[in-house]
Amino acid sequence: MLDLWYTENHTDNVRFSIKTNKHIHSEQSDFQQIDFFESEEFGTFFTLDGLMMVNEKDEFVYHDMITHVAMATNPNIKKVLVIGGGDGGTVRELTRYESIEQIDMVEIDERVVRLSQEYLPITAGKLEDPRVTLLFEDGLAYVKNKEEGYYDLILVDSTDPIGPGEGLFSHDFYNNCFRVLTDDGILINQHESPYYPSYAHEMKRAHSKIKGLFPITRVYQFHMPTYPSGHWLFGFASKKYDPLKDADLDAWNKLGLKTKYYNTDIHTGAFALPTFVKEMLEDA
Ligand code: AAT
C-alpha cells in the first residue's frame, strides 16, 4: 500500500501533513487550483491553491463561529450577505434561523460550489433553501454596485489575502461593506491568525483598516486544528451593537439550536484575547 500524504507549508520552516486515502479531484479553475481529498482523520477535505479550506471534521468550529456570534448579538437580522463561502457551511448555519428572510451568497468561483455539492454535502446541503440566492461574481464588485443600507449582516467567508481573496481585505471593500449595511449592521470577516508572523501581518493590516471605519470593532478567537498554528480569528465590526454588552444570550439559548462548538459561554470567552494578540491589535 502506498502512503499518500497531503502536505501544506504553514511557514517556510513548518509543514502540516494529512494521510489521505484518495485524491478525489483536481482542477485549475478560472480563479484557483482546486483539490479534493479523502482522509481517515479529517474525512473529505478541499484545498485552494494548496491551502486547507474545509474538511468534514473541523468545519463546525469555523461555521459556528462565523455565524452565531452575530446572530446572538442581533436576533432581528433578516437580510444576510455571505461573501465567498462556496462550500456552503456558513449558509447552512444561517438557514437554521427561521427569522432570516434572505441569504445572498456571492462566490467568485462557481466550481467550488459545484464540487462541494458533489463531494461535501455536509456543508453544501442547504444551498437549495428557498431563501438562498447564489451569485457567481467578485465580492468586491458586488458590494461596490449594491444599494446602500440593504443588509443587516455581512459575513466575509474568504480565502487568505492572496489570489482572488486579496480585494476582500482592501479598504475599498470594507468601505463598501459599511455603506451597504443598515444603520445597525454587523460585519464579520475572516481575520487570519495572530501566531505566525506572515499571517499576523495580514491580521494587523485588516484590523487597522476596519478600525478606522466602524464605531465598534473587536476580534474574537477560536481553535481550528487544520489552519496554520490552529489559532484563528474573526473580526466583529458593527455600527450599533456591541457583541458583549448588547447580546441577549438568554434569548439565543431559548432558540434551542444545537451547536457543537458555539455556546453562550464561548460567545463571551472568545473575545478574551491573549496579551500578545491584544498588543498587536493596539498598535495596528
Ligand atoms: N467556509 C470556509 C471556506 C473558505 S473558502 C473561501 C471562498 O472564498 C472560496 O470558495 C473562494 O473561491 C472565495 N473567494 C475568494 N475570493 C473571492 C472574491 N473576491 N469574491 C467572492 N468570493 C471569493 C474560507 C477558508 C478560510 C481559510 C483561512 N486560511
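Thr90 counts as buried at 0% relative accessibility, where buried means under 20% relative accessible area, exposed over 50% and partly exposed in between (1.4 Å probe, protein chains only). Thr90 is found in helix H2; helices (H or I, at least four residues) and strands (E, at least two) are DSSP runs, numbered from the N terminus. Not counting residues up to four places away in sequence, Thr90 touches His63, Ile66, Thr67, Val82, Leu155 and Asp157, contact being defined as heavy atoms within 4.5 Å. This is a predicted model, in which local features need pLDDT of at least 70 and side-chain atom pairs count only at pLDDT 80 or more, while totals for chains, interfaces and linings use all residues. Residues are numbered from 1 along each chain as its sequence is written, and side-chain values use heavy atoms, with hydrogens and water left out.

In one of them, the side chains of Arg92 and Glu59 meet at 2.9 Å, N to O. This pair links distant parts of the chain, for Arg92 lies in helix H2 (residues 89-94) and Glu59 in helix H1 (residues 59-73), 33 residues apart. Arg92 is buried, with a relative accessible area of 14%, and Glu59 is likewise buried, with a value of 6%.

A further salt bridge joins the side chains of Asp242 and Arg218 (2.8 Å, N to O). Asp242 lies in the loop between strand E12 (231-238) and helix H8 (249-255) and Arg218 in strand E11 (residues 216-223), so the pair ties together parts that are 24 residues apart in sequence. Asp242 counts as buried at 7% relative accessibility, whereas Arg218, at 28%, counts as partly exposed. Elsewhere, salt bridges that share partners join Glu59, Arg92, Glu93 and Arg96 into one network.

Glu110 forms a salt bridge with Arg114, the closest N and O atoms being 2.9 Å apart. Both residues lie in helix H3 (residues 110-119), four residues apart, about one turn of the helix. An α-helix has 3.6 residues a turn, so residues three or four places apart point the same way. Glu110 counts as partly exposed at 35% relative accessibility, as does Arg114 at 30%. By contrast, Val112, Val113, Leu115 and Ser116 of H3 are buried. The buried residues of H3 pack against E2, E3, strand E4 (43-48), strand E7 (102-106), helix H4 (121-124) and strand E8 (132-135).

Several of these strands lead to the next topic, a sheet. Strands of a sheet pair through backbone hydrogen bonds, either parallel or antiparallel. Here an open sheet of five strands has the order E1-E2-E3-E4-E5, with antiparallel pairing; two strands pair if DSSP finds at least two bridges between them. Strand E1 (4-11) and strand E5 (51-55) stand at the edges, each with a single partner strand, so one side of each is left without a neighbour in the sheet. From one strand to the next, the twist averages 45°. Within the sheet, strand E2 (residues 14-28) and strand E3 (residues 33-39) pair in the antiparallel sense over seven bridges, and Lys22 has Glu38 in E3 as its bridge partner.

Leaving aside its neighbours within four places in sequence, Met52 is in contact with Tyr6, Glu8, Ile18, Phe45, Phe46, Thr47, Thr226 and Tyr227. The C-alpha atoms of Met52 and Pro228 are separated by 9.2 Å, although the two residues are 176 residues apart along the chain.

Helix H7 (residues 197-211) and helix H10 (residues 275-282) pack at an angle of about 50°, with their axes 9 Å apart; axes are lines fitted to C-alpha atoms, for helices over the stretch in contact, and angles run from 0 to 180 degrees between N-to-C directions. H7 and H10 are therefore oblique to each other, given that angles under 35 degrees count as roughly parallel, over 145 as roughly antiparallel, 65 to 115 as roughly perpendicular and the rest as oblique. Ala200, Met203, Lys204, His207 and Lys211 in H7 meet Met280, Leu281 and Glu282 in H10.

Notes
Salt bridge = Lys/Arg side-chain N within 4 Å of Asp/Glu carboxyl O.
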